[in-house]
Amino acid sequence: MNRRRLALAVLPLLLAVTGCTSGTADDEPAPRPAAAERPSPFRDCATLSTAPRTTSPGSGTATPTTDTPASPGTTAPNGPTARAAGGSALPELTLSCFTGGAPVVLREVAGPAVINVWASWCPPCRKELPAFQRLSERAAGQLQVVGVNSRDSRGGAQSIGEDFGVRFPILVDQGEALQRELKRNAIPLTLFVDADGQVRHIDASGALDDTKLAKLVRQHLGLAVPA
């Protein structure tokens, strides 16, 4: 009995620092009544194919660095490095937008972009979402932050957006098509996409905070973002 109690106590801690699969889903937040009738907390997806506009110096948002992005999956050393010739294109997928409207071709999302795959039933996803919202505000005009809500209920996703103040555009992937294309099972996943639409890095290290996000954006997209 003591071993069972210990196991139950440790499980939430493990989920909080690692990834979630649909088989390890936490209890989903209870959807509020008539969720479909409430206005979406998320922005629409109409501008996702438009490249971020550069903001004026001193605006307090992200600025280009002198370091070039590291090659996919690698860590940039200190100082300038030779930019990798490759990277990989986003999967050929078309996803619906949470707010409705025309479906979005994922490869047409204009970079630089940070794409976060999440679900309301995933504890580390819930933990890191506020940091992504802050990134979207601090880096406005320099990069886009886009969410992909995976295998989730509409009510659960909407409640998370309302409770955590998440406002960036959200795509919907009920069938986990993006995860299958990337050959990744657990979430959260975060894709760092450069201005040429190439995936420079996929992070699956667990919940990211402001400092880690800023470091990854600088390392893989060459942008300095206030943490």
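This report describes the chain as a whole, then its disulfide and cysteines, and then a group of paired strands.

The model is predicted, so local features need pLDDT of at least 70 and side-chain atom pairs count only at pLDDT 80 or more, while totals for chains, interfaces and linings use all residues. Residues are numbered from 1 along each chain as its sequence is written, and side-chain values use heavy atoms, with hydrogens and water left out.

**The chain as a whole**

The chain has 5 helices and 10 strands. Helices (H or I, at least four residues) and strands (E, at least two) are DSSP runs, numbered from the N terminus. Of the 227 residues in the chain, 47% are buried. Buried means under 20% relative accessible area, exposed means over 50%, and partly exposed lies in between (1.4 Å probe, protein chains only). The accessible surface of the chain is about 11,100 Å², and carbon and sulfur atoms account for 53% of that surface. Accessible areas come from the Shrake-Rupley method with a 1.4 Å probe; for residues, only the protein chains shown count as cover. Among contacts (heavy atoms within 4.5 Å) between residues at least 6 apart in sequence, 76% join residues at least 24 apart.

**The disulfide and the cysteines**

A disulfide is a covalent bond between the sulfur atoms of two cysteines. Here the term is applied to a pair of cysteine sulfur atoms within 2.5 Å. The structure holds 1 disulfide, which joins Cys45 to Cys97 with an S to S distance of 2.1 Å. Cys45 is in the loop between helix H1 (2-17) and strand S1 (63-64), and Cys97 is in strand S3 (residues 94-97), so the pair links distant parts of the chain, 52 residues apart. The link of Cys45 and Cys97 is right-handed, with 80° about the S-S bond.

| Residue | Relative accessible area | Class |
|---|---|---|
| Cys45 | 9% | buried |
| Cys97 | 7% | buried |
| Cys122 | 0% | buried |
| Cys125 | 0% | buried |

**Strands that pair with S9**

Two strands pair if DSSP finds at least two bridges between them. Strand S9 (residues 198-203) pairs with strand S2 (residues 88-89) in the antiparallel sense over 2 bridges. In this pairing, Ala89 has Gln198 of S9 as its bridge partner. Strand S8 (residues 189-193) also pairs with S9 in the antiparallel sense, over 4 bridges. Here Thr190 has Asp203 of S9 as its bridge partner. S8 and S9 form a hairpin with 4 residues between the strands, and in this hairpin Gly197 takes a positive phi near 80°.
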